[in-house]
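Dear colleague,

Please find the structure below, handed over for your records.

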Amino acid sequence: MSICRLDTSASTFNLELDNLLAWESVSDPHVAETVATIIHDVRSSGDKAVIEYTNRFDRRQVASITELRVTADALQEALNTIPAEQREALEIAAERVKRYHEHQRQDSWQFTEDDGTVLGQKITAMDRVGLYVPGGKASYPSSVLMNAIPAKVAGVAQVVMVVPAPDNELSPMVLAAAAIAGVDEIYTIGGAQAIAALAYGTDTITKVDKIVGPGNIYVATAKRAVFGQVAIDMIAGPSEILVVCDGKTDPDWIAMDLFSQAEHDEQAQAILISTDKTFLEQVEKSIEKLLPDMSRKEIIRQSLDNRGALIQAKDKQDVINLINRIAPEHLELSVADPESYVDDIRHAGAIFMGRYTSEALGDYCAGPNHVLPTSGTARFSSPLGVYDFQKRSSIIHCSAEGANTLGKIASVLARGESLEAHARSAEYRVKDDK
């Protein structure tokens, strides 16, 4: 294989890096047309359309939505029958995720001004949230924990999970994770029809306020299409990792850290930055040595060929500038003093500090959320958290004196905008000073 080698001192570096980072998000006209048809059918025919598309796409033979609902007994059975080692790992991970996210919970607040006017903010959890989980032979119990637990910590009353079961295949670990996380309802439906059912509701499925969770291009396109009817978490691109190393970490470790993201899919991106040219060469040798033994070696190979890179930087400031320019989903600081970097890092989804903190720990059990901004969106986005499931309402309670003072100001501004009713509404509460 041939992984791209870049040098920040080269005259062509900026163009080469731009080309490496370029990623076109969901924009397939054929997919968009198919998704639009599915959404229209679900809005028009509800349960009937959901059943028809589920039978067609997932090769099932169901006659009613009730056959697609997973019972509480089935959840408990999955929890009780998975291997003890898996159950223990899920429960420990869930507790760590819960404990971390409890620190994010926000409280309502108020303050009183000198004239008695009260201003504040009321924090309220969303009523109902939909969670999409990829299904079939794929098993993503960590996705269940990372999406459902923050919603529950936020106080969401009902978390509804949809997970496709093509050929009636359904991961017991996914169901066990749902039981541990406290998911309230589960339907074995997927694709755009599941997103439409959550967004608009059917006779059986009550519409939600927000949809979160990963999916394929049809799911991502459907989430984009229903945004506005409901909130969504994000339109996620391929997974990414940016590793910064000072040349003192075992090159095999670094190679495997790059593999850990490259194995997701052929479009995933794994980049290493170092000021040590010799170390970059050592890592490249480790990649060649370790790759043949990887079970997903062809995916890793294509990912590294397509979008991977080993970048030689001039110095520490050069490295920091690159980090902020790339705005990575996952950033590993495999250096002697990672704390010395943090204050200057402005754009990164999650920062993994030190030689012993592999990104994989964050995916499963460290505690912080693994749902992170991709494709440079860490410039303006944050990891999924409790705050994503809470709403804020402003509190304004004017005293008579406060209404008198503010009314005069509002009157001037309203008349400046030629909005007479606004002005007179405020003026009615202004005292006559004569």
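**Findings**

Helix α13 is followed by Ala327, which has a positive phi, near 50°. Helices here are DSSP runs of H or I with at least four residues, strands are E runs of at least two, and both are numbered from the N terminus. This is a predicted model, in which local features need pLDDT of at least 70, side-chain atom pairs count only at pLDDT 80 or more, and totals for chains, interfaces and linings use all residues. Residues are numbered from 1 along each chain as its sequence is written, and side-chain values use heavy atoms, with hydrogens and water left out.

At the start of α13, a side-chain oxygen of Asp315 lies within 3.3 Å of the backbone nitrogen of Gln317. Within this helix (residues 316-326), the buried residues include Val319, Ile320, Leu322 and Ile323; buried means under 20% relative accessible area, with a 1.4 Å probe and protein chains only.

The axes of α4 and α7 come within 8 Å and cross at roughly 110° (axes are lines fitted to C-alpha atoms over the stretch in contact, and angles run from 0 to 180 degrees between N-to-C directions). The two helices are therefore roughly perpendicular (65 to 115 degrees) to each other. Leu75, Ala78 and Leu79 of α4 make the contact (heavy atoms within 4.5 Å) with residues of α7 including Pro172, Leu175 and Ile180.

Yours sincerely

Terms used
Buried < 20%, exposed > 50% of the residue type's maximum accessible area, 1.4 Å probe, protein only. Polar contact = N/O pair within 3.5 Å; in protein donor to acceptor, adjacent residues only side chain to side chain. Parallel < 35°, antiparallel > 145°, perpendicular 65-115°, else oblique.
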